[in-house]
Amino acid sequence: MTKNTNSLDRRDLLKLAMGAAAAVAAGAALPVFTPVFAEDEPRKTARLGKVDYTKATAIPTICFGCTTHCGVIGWVENGVVRRIEGNPLDINSRGKICSKANAMISYTYYPDRLLYPMKRVGKRGEGKWKRISWDAANAEVAGRLKKIRASGHPERFVFHYGRDKTKGFTSHFCKAFGTPNRVNRRSICSSNRRAPLMSFYGRDFEWETQDVANTKYIVNFGANPMEAYQGGMFLMGRIQDARVDHGARMVTFEVRPSTPANVSDEYYPIRPGTDGCVAYAMCYVILKEGLYNPRFWKRWVNIPIETMRKHIVDDEKYTPEWAEQKSGIPANTIRRIAREFAKAAPHCCTMSNRGSAKHYNGVQADRGIRLLDVLVGNVGKPGGFCLSSLRGWSGKYGQDGLPKISIPGPKPSSPKPFLEGTPQFAELPEHVKTRVRRFPDAWKKKYTGELNTPSEFPLAWHWYAMRVGQMIPRYIAEGRAKVDLYMSFTYGAAYGYPEAKQSREVYKDESLIPYHVCIDINYSEQAKLADLLLPDATSLERWDAHSQNCHELIPYTGIRQPLMKPLGEARPVQLMMRDWAHLIGGGMEKYFDFESSMDGLEGLYEKWYANISAKHKGGWEEFKRRGIWHDETRAKDYELYERPVTAKNLEGSRVDEKTGLITKEIKGKRTTVGIMQDGKPVQGFPTPTRRIQVYDPVFELAAETVGLPKGDPNGLALPTWFPVPEIDSIADDELVFTTFKWNVHTQGRSGHWKHQTEIVHANPVYMHPSTGKRFGLKNGDRIEVTVKRPKGLTYRANEKEPVGSFEQTVRFLEGVHPKVICCSHHLGHWEHGRMAQAKAGPDTPDAVSSDRDMTDNVWWATSQDGPGNGVHTNDVLPLNPAPLVGGQNWNDNVATIKKLS
Amino acid sequence: MPERLPWEPSGKPRAMKRAGIVIDLRRCIGCHACSVSCKTEHDVALGVFRTRVRYVERPGKAQLSFLPMLCMHCQDAPCIPACPTTAMSKGEDGRVYVNESKCDGTTDCIAACPYDAIQLDPQTGIADKCDLCQHRTDVGMDPACVASCPSGTLRFGDLDDPDDPVSKLAQEHGARGFREDAKTRPTVQYIGLRPSVEAAVTGGIQLHPEEDEVIYVQKKSD
């Protein structure tokens with residue numbers, strides 16, 4: 001590291017870092033152009049000179065700009081990370097980046113970044129802090145955790161994460177501690193979409209991995225692989241190559257001109273909540289006209305095609321004419337697209353995500369979309385709907401003999417279920433006990449309380465723990481779970497959740513959350529409601545394992561490694577947890593047997609990746625030098641289900657004559673390992689029937705257990721379309737309010753990334769010009785948007801009182817569906833420092849560094865007559881979990897608008 | 001000796017007669033990788049844009065078009081004769097750049113440029129514009145925008161070399177300059193540039209809230 005020659009005196013630095021409570025003493029603003037980092041640390045100076053690439057050091061690592069996680073190269077000059085580029089060895093990203101990779105630099109060197117442990121000194125939420133030492137912070141956290149663990153109620157430690165890419169590390173800690181409550185945010189993201197994948201294929205394969213590079217036809221129901229989708233970077237370039245170089249066609253159904261809609265060969269603005277109608281009508285056409293693949297269906301689907309034909313075709317309920325009436329898409333267009341899709345098979349695939357799935361009917365809508373692929377038999381085929389062998393390397397399905405990478409050392413066991421008779425069960429509210437008693441045994445053995453396994457949403461954890469994160473603050477408020485210590489990690493419910501104001505009320509209430517620890521790189525809305533703030537290291541300062549599904553369909557992995565020493569006293573979460581484990585003791589420490597330092601952490605990852613290092617001549621050092629590894633000797637993950645059962649699995653197995661299922665005793669449990677097909681033992685799909693489960697009785701079981709009305713379409717075993725009640729009955733003067741995310745932003749996490757926020761810092765309400773005309777509006781008018789409660793079987797349905805209102809200006813946009821108004825959801829921050837709030841001007845006394853852009857150049861700040869930082873929309877969106885699965889129905893918000901003078 | 005990795009620069013410039021960028025709009029997804037990479041590469045101040053991506057509405061169409069823009073490195077660059085201090089210069093490979101030691105911030109170049117590709121750095125007061133990443137191409141690397149582009153929209157090559165694949169691509173698809181009526185003979189060439197898009201983007205390259213045809217709220221150049 002280069003020695004810093006002009007650092008401030010340590011005393012000054014301490015003063016600057018002391019935070020608002022003590023800040024008055026720090027006095028004057030910092031001189032402009034003088035970023036202040038801790039002593040001995042290199043600084044970013046005013047206008048930086050050109051990088052000399054022949055002298056700068058290139059270090060590969062993994063981007064953390066979004067959930068895609070591309071391999072990148074960081075160029076370090078004089079100890080400062082100057083440039084991020086794609087890693088050409090990354091076969092997934094193909095050596096390219098998007099705008100957000102650049103933000104690794106701007107968020108790491110962000111002047112208002114959180115760099116020291118801070119303890120609350122005022123009232124909770126008041127924003128008054130004092131800096132404390134790591135020793136004091138660790139003693140505080142570990143002391144409390146030790147007490148909780150000793151109390152016999154380890155579940156009262158709740159670890160709630162938003163973006164955890166430590167790949168198992170925090171789970172390791174929570175298991176070692178004994179709490180099941182390592183909870184997440186999957187339900188506000190993708191659970192409605194993952195449930196159909198789990199049901200059909202037995203895995204969501206960390207997303208399916210459509211082979212878009214080799215496809216001829218893509219039908220996209222509201223997925224946004226060019227702006228928001230996990231794996232977007234891996235898909236966007238391949239889709240464009242397929243379209244431009246190989247003549248593939250892409251058809252998109254969306255409610256607004258998303259990037260995929262804009263670049264598609266055909267874009268159809270669709271009435272919200274009716275994507276499924278088009279899919280079911282396409283199924284109708286394919287079945288009726290005999291365009292399906294009978295061989296594939298017979299071999300791999302768990303019900304006869306006749307059953308499907310009867311369900312979809314015979315009573316004429318899913319005709320294109322019906323779909324036209326519901327969705328507004330012309331019947332003949334649907335017919336043509338269905339025929340073209342089937343004709344392109346197997347080089348065709350569907351895509352879907354929030355547009356189709358984040359609705360009350362989203363799970364069943366997506367089952368209809370998945371059905372299209374199964375009908376034409378493109379599953380696992382080149383150019384088709386492919387399934388990777390799970391994150392490319394772990395080898396749990398399909399590919400055998402892959403190098404294992406996992407946390408070295410002893411493995412803590414999972415927390416025990418809350419069975420009748422345990423003190424945990426005794427504490428549950430009566431109505432929850434009653435429901436749990438109705439569970440089948442398999443679910444009772446999985447049930448670990450309302451936060452991790454909410455009893456009213458069994459399909460949120462039947463396959464694996466997706467959980468229903470948006471309901472967790474409510475559950476705590478309702479007394480469904482007691483909390484002693486709540487830890488937020490890279491998590492922003494206070495800003496980003498539906499009805500975020502409800503979360504804030506819960507976090508403010510010390511009787512519900514007696515102690516709140518917040519771990520993040522930045523001072524967020526969530527952090528503001530904590531008692532202790534712990535500064536995490538950014539992606540340029542840390543180690544993490546990397547795994548994503550690989551779009552080349554071969555084993556692939558990489559390593560995130562530090563390019564610089566963590567600034568200030570930031571510390572990666574792994575080291576925090578290691579220290580707590582040693583302080584708590586009681587056996588926890590044996591799971592964290594490494595030194596408490598960055599070097600100690602490297603030692604851990606070196607062991608973690610021993611099998612990958614072994615593939616390199618220079619071992620660990622060479623793997624680090626390359627950053628990414630893939631195994632090109634492997635056959636691509638095409639048709640994994642046709643691969644023979646391994647000799648190891650065949651040994652001692654037996655075949656059920658009726659079903660053809662090959663089962664074997666593994667660890668005392670009879671487990672399905674394959675299926676006989678034409679006299680040959682093949683792997684099939686990792687489902688209970690080893691076939692694609694188009695018919696899945698688990699929906700019926702779940703509906704019956706939680707007491708949905710008999711025949712409710714959420715609980716039907718066959719894929720079935722049904723309307724979103726509030727959209728189906730929408731009045732002429734009502735509109736559907738949809739939120740969305742621009743490509744340059746990453747949910748609520750990017751407001752302080754200066755280059756991203758410079759591009760998008762305003763979020764007008766977009767609407768079709770005809771909608772504006774209908775409501776007597778012109779571009780630039782101000783309106784008030786008021787959102788109503790939903791009408792389905794969900795939280796606070798049918799209440800008359802609206803959820804809330806916000807005011808914003810109107811911007812006409814031709815590509816928005818006339819029944820829709822939309823607004824981007826990642827703006828209007830009231831924390832995250834100056835950039836996110838568009839507060840240009842002198843450094844605040846507690847700023848940890850300075851940047852000319854922050855002090856002088858925020859041209860969109862209201863103080864510079866700019867439009868400011870936009871409007872926060874998440875308070876007015878109702879908590880609206882889908883029945884059974886619990887995914888947030890983000891896109892069902894029926895709203896009224898009022899013109900403001 | 002360990003194997004040389006693909007990102008390690010050769011250290012040698014590529015000999016080029018006319019260095020330029022071909023922008024294949026059929027591929028563009030408007031992701032801003034180019035514009036933000038440019039900002040980081042050159043530490044360009046907020047409010048100044050060497051590279052921009054415009055989102056353009058077309059009348060009566062539901063789909064938006066994307067348009068990355070940067071200095072067009074004109075063969076007849078009007079900024080060069082306009083500069084009273086001869087700071088605006090042309091390299092041997094045709095690229096147009098600012099000789100910073102000569103620039104005194106008079107802004108004549110800004111007035112002369114039909115593409116609003118030049119702005120003043122707010123702190124230094126010196127003209128700021130794209131130089132096709134001279135410091136990168138000097139050591140055998142592609143410009144930052146090209147190196148980042150995930151959809152293969154931006155490509156760097158020698159447009160006077162008939163064997164250069166980028167030059168061939170331009171030939172094959174009838175690439176053309178932006179607003180050729182300005183008679184500046186741009187070296188930056190577009191494939192798939194729609195006349196309606198070209199017509200909509202008349203003045204400032206950046207987007208502005210008052211402009212109807214563009215939808216991001218961004219700063220219009222001063």
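1. A polar contact is taken here as a pair of N or O atoms within 3.5 Å, where within protein one must be able to donate a hydrogen and the other to accept it, and residues adjacent in sequence count only if both atoms are side-chain atoms. On that rule, 33 residue pairs, both at pLDDT 80 or more, are in polar contact across the interface of chain A and chain B.

2. The model is predicted, with local features needing pLDDT of at least 70 and side-chain atom pairs counting only at pLDDT 80 or more, while totals for chains, interfaces and linings use all residues. Residues are numbered from 1 along each chain as its sequence is written, and side-chain values use heavy atoms, with hydrogens and water left out.

3. With contact meaning heavy atoms within 4.5 Å, 73 residues of chain A touch 63 residues of chain B. In chain A, the residues that lose the most area to chain B are A:R47, A:R625 and A:I759, together 12% of what that side buries.

4. Nine salt bridges are counted between the chains, each being a side-chain nitrogen of Lys or Arg within 4 Å of a carboxyl oxygen of Asp or Glu. A:D241 and B:R27 form a salt bridge through their side chains, at 2.5 Å from N to O.

5. B:R136 is buried, with a relative accessible area of 1%, where buried means under 20% (1.4 Å probe, protein chains only). Its side chain makes a polar contact of 3.0 Å with that of B:E41, and beyond its neighbours within four places in sequence, B:R136 is in contact with residues including A:Y53, A:R83 and A:E85.

Terms used
Chains lettered and ligands numbered in written order. Buried area = accessible area lost by both parts, 1.4 Å probe. Buried < 20%, exposed > 50% of the residue type's maximum accessible area, 1.4 Å probe, protein only.
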